[in-house]
Amino acid sequence: MKERLENIAEVKGVSENCIFMGYRRDIDKLVGLSDVMISASKREGLLVRIMEAMGTGKPIVCTNVRGNNDLVVPNMNGYLCEIDDFEAMAKYVINLYSNKELHIEMGLYGRKMIENNYGTEAINFKLLNIYKELIDNDLK
């Protein structure tokens with residue numbers, strides 16, 4: 001699809017702003033270099049890439065599908081858009097680029113969400129409660 005996407009970028013007049021990188025093994029570094037996490041997926045399963053972006057303090061612009069809408073709190077850590085509403089996605093990205101304070105606030109909110117809900121302490125606490133419940137039920 002690389003050629004097709006390059007042609008679309010050329011027709012849209014944005015090819016100078018696009019880099020088609022192909023398959024990569026250094027996604028962690030690319031996430032760290034990015035400013036905003038954008039996901040235009042039509043369905044989602046495991047949300048690792050969104051969680052990683054939130055963990056590094058990136059605001060999120062993504063589609064309003066199962067999973068994404070579990071992690072993205074509109075106007076707090078990012079924006080949800082309807083499927084194929086690329087104009088709304090572009091509007092939100094431009095809004096984040098033009099308002100650096102909002103960009104930082106949303107990124108920090110997302111990072112705190114990840115730390116509070118999926119950080120080592122939070123996961124250990126949840127696991128200990130599960131084990132405690134299993135032990136308590138076994139002793140009955």
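Ala, Val, Leu, Ile, Met, Phe, Trp, Tyr, Cys and Pro count here as nonpolar, Asp, Glu, Lys and Arg as charged, and the others, Gly among them, as polar. The model shown is predicted.

**View 1. Lining of the second largest pocket, by class.** This lining has 9 nonpolar, 2 polar and 1 charged residues. The residues that line the second largest pocket include Leu 33, Val 36, Ile 38, Ala 40, Phe 86, Met 89, Ala 90, Val 93 and Tyr 97. Ser 34, Asp 35 and Ser 39 are also in the lining. The space in the second largest pocket is about 330 Å³.

**View 2. Helix H5 and strand E1 at the second largest pocket.** Strand E1 (37-39) and helix H5 (86-98) each supply at least two residues of the lining. H5 gives the most, with 5 residues. Among the lining residues are Ile 38 and Ser 39, as well as Phe 86 and Tyr 97.

**View 3. Centre of the largest pocket.** The volume of the largest pocket is about 780 Å³. It is lined by 16 residues, of which Leu 5, Asn 17, Cys 18, Ile 19 and Phe 20 are the closest to its centre.

**View 4. Helices H1 and H2 at the largest pocket.** At least two lining residues come from each of helix H1 (2-12) and helix H2 (27-33). H1 provides the largest share of the lining, 5 residues.

**View 5. Lining of the largest pocket, by class.** In the largest pocket, the lining consists of 11 nonpolar, 2 polar and 3 charged residues.

Methods: Residues numbered from 1 in each chain as written. Predicted model: local features only at pLDDT ≥ 70, side-chain atom pairs only at ≥ 80, totals over all residues. Heavy atoms only, no water. 1 Å grid on protein atoms, 1.4 Å probe; cavity = no way out; pocket = protein on both sides within 12 Å on 5 of 7 lines; lining within 4 Å. Points joined across faces, edges and corners; volume = space filled by probe spheres on them. Helix = DSSP H or I, 4+ residues; strand = E, 2+ residues; numbered from the N terminus.
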